[in-house]
Amino acid sequence: MTSVWRQTADLPRFPSLEGDLKTEILIVGGGVAGLLCAYFLDREGADYALVEADRICGGVTGNTTAKVTAQHGLLYRRLLRQFGLPKASLYLRANQEAVKRYRALCQELGCDFQERDAFVYSTRDRDKIREEVAALRKLGFPAEFTEKTPLPIPVAGAVRFPRQGQIHPLRFLGAVARGLRIYEETKVEELAPGLAKTARGTIRAKKILLATHFPILNKHGGYFLKLYQSRSYVLALENAPELNGMYLDEDAKGLSFRNWEGRLLLGGGGHRTGKKGGGWEELSAFARKHWPQARETARWATQDCMTLDGVPYIGAYSQGTEGLFVITGFNKWGMTSAMVGAMILTDQLLGRRNPYESVFDPSRSVLRGQLAVNAAEAALGLVTPTTPRCPHMGCALRYNAAEHSWDCPCHGSRFGEDGRLLDGPATGDLKKPPH
């Protein structure tokens, strides 16, 4: 269960941190968000260091589908309703700028940026698609409505975003990381104002950025209620068609398509972590039906942090934690969201204002329907009288037979059958392996 990116990338290695360290800015987490922040800070000549508990890109980043697009599902009609025209426009502008930065950086670093149109389609609701096109036109974006796609299923309509892109994420990030001040296998075990403790020393920093996918600090910010996690699955298929674009069903249970080097990446089967979903079997059944000649060459799963309103949390961690910053909640759009976050946080960490920061402010209103759902799931997990239990906040774990793991439906932590931590926000293994 290894992604095609991990099979075909050669990432640079970095030393572990031995002893104490003092720096102006500390970045915790070596995925796409942390690495891009480090890259921009390095170019600014800032005093920074990045620490990663394992290897860079060893977590969720290595399992992305790496679509580089400002089209994030049927989002913009919802943003107009929730936030109004000015903020919806800023969200679009920020993500379009992110696409441009990927294009320019790939050229600068010698990485392949493949320009593709992006499509969100509906198999049954033409009106949703037309509403999204109308919303985008209000925002001045040249989106198009179409009924024609090369997909093997009929669609009621699709929104076309021209000139977006796709990349090999680990080749790109390997090039980004070279020469940066990075320490691998350096796990932060405790945080306090202005310092981070590891097993082999203490790091003192005036500003600390948590880029750990799901924030590892529970005491502030309420992220355990503002976020939940979702799993989705991918198959890489040979002898499947070249679709010449990136495609996504507007339905949360629908499918995703993109090509890479002669293979079709088919995604879907998703579900809230700790719940049941279609998984790889759903994807395999679809492939057998529509491309019986196709052959599976890889399969993998990924995990995404989902926010209450569909917009990432980027900026000051909370009102009571001066000098602490966060980037999380990419809602399945980690490539552009990480780049937007790096743009905003580079400015904030260096004491500058950023034109997009108000849209992504982590302290914005939490009065959204998803908050009640998250609270209910947490309560249910806490009162369910079974073992094993998650060390993060004590919720009952559920066995995931497809992936042979124990998963937390409250906040998304995952553990192997041997009790080893696979995904956070938990920060350590189970005290004893599950039975």
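Strand E18 and strand E19 (residues 405–407) run antiparallel and are joined by three bridges. The structure is a predicted model. Within this pairing, Tyr399 has Trp406 of E19 as its bridge partner.

- In general, the strands of a sheet pair through backbone hydrogen bonds, in either a parallel or an antiparallel manner.

**Cysteines**

- One disulfide is found in a search of the whole structure.
- This disulfide joins Cys395 to Cys410, with an S to S distance of 2.3 Å.
- The torsion about the S-S bond of Cys395 and Cys410 is about -105 degrees, and the disulfide is therefore left-handed.
- Cys395 is placed in the loop between helix H11 (369–383) and E18, while Cys410 is placed in the loop between E19 and strand E20 (414–416), so the pair ties together parts that are 15 residues apart in sequence.
- Both Cys395 and Cys410 are buried.
- Cys111 takes part in no disulfide; its nearest cysteine sulfur, that of Cys106, is 5.4 Å away, whereas a disulfide requires sulfur atoms within 2.5 Å.
- Cys111 is buried, because its relative accessible area of 17% is under the 20% limit.
- Cys305 is likewise in no disulfide, and the nearest cysteine sulfur, belonging to Cys408, is 12 Å away.
- The relative accessible area of Cys305 is 3%, so this residue is buried.

**Helix H8**

- Helix H8 (residues 279–290) contains 12 residues and reaches 18 Å from its first C-alpha to its last, close to the 16 Å expected at 1.5 Å a residue.
- Its buried residues are Gly279, Trp280, Leu283, Ser284, Phe286 and Ala287.
- An α-helix has 3.6 residues a turn, so residues three or four places apart point the same way.
- The exposed residues Glu281, Arg288 and Lys289 are carried on the face of H8 turned away from its buried side.
- Among the elements covering the buried residues of H8 are strand E11 (227–238), strand E13 (256–260), strand E14 (263–272) and strand E15 (295–307).

**Helix H6**

- Helix H6 (residues 169–177) is mostly covered, with eight of its nine residues buried.
- The buried residues of H6 are Pro169, Leu170, Phe172, Leu173, Gly174, Ala175, Val176 and Ala177.
- The cover over these buried residues of H6 includes helix H1 (4–7), helix H2 (32–43), helix H4 (85–109), strand E7 (182–183) and helix H9 (334–349).

- Asn95 is located in helix H4.
- With a relative accessible area of 1%, Asn95 is buried.
- When its neighbours within four places in sequence are left aside, Asn95 is in contact with Ala70, His72, Thr336, Ser337 and Val340.

**Positive phi in residues other than glycine**

- Most residues other than glycine have a negative phi.
- Glu261, although not a glycine, has a positive phi of about 45 degrees.
- Glu261 sits in the loop between E13 and E14, and its relative accessible area of 51% makes it exposed.
- Asn331 is a residue other than glycine with a positive phi, its value being near 55 degrees.
- Asn331 is found in the loop between strand E17 (324–328) and H9, and it is buried, with a relative accessible area of 10%.

Conventions
Residues are numbered from 1 along each chain as its sequence is written. This is a predicted model: local features need pLDDT of at least 70, side-chain atom pairs count only at pLDDT 80 or more; totals for chains, interfaces and linings use all residues. Side-chain values use heavy atoms; hydrogens and water are left out. Two strands pair if DSSP finds at least two bridges between them. Helices (H or I, at least four residues) and strands (E, at least two) are DSSP runs, numbered from the N terminus. Buried means under 20% relative accessible area, exposed over 50%, partly exposed in between (1.4 Å probe, protein chains only). The expected span of a helix is 1.5 Å times one less than its number of residues. Contact means heavy atoms within 4.5 Å.
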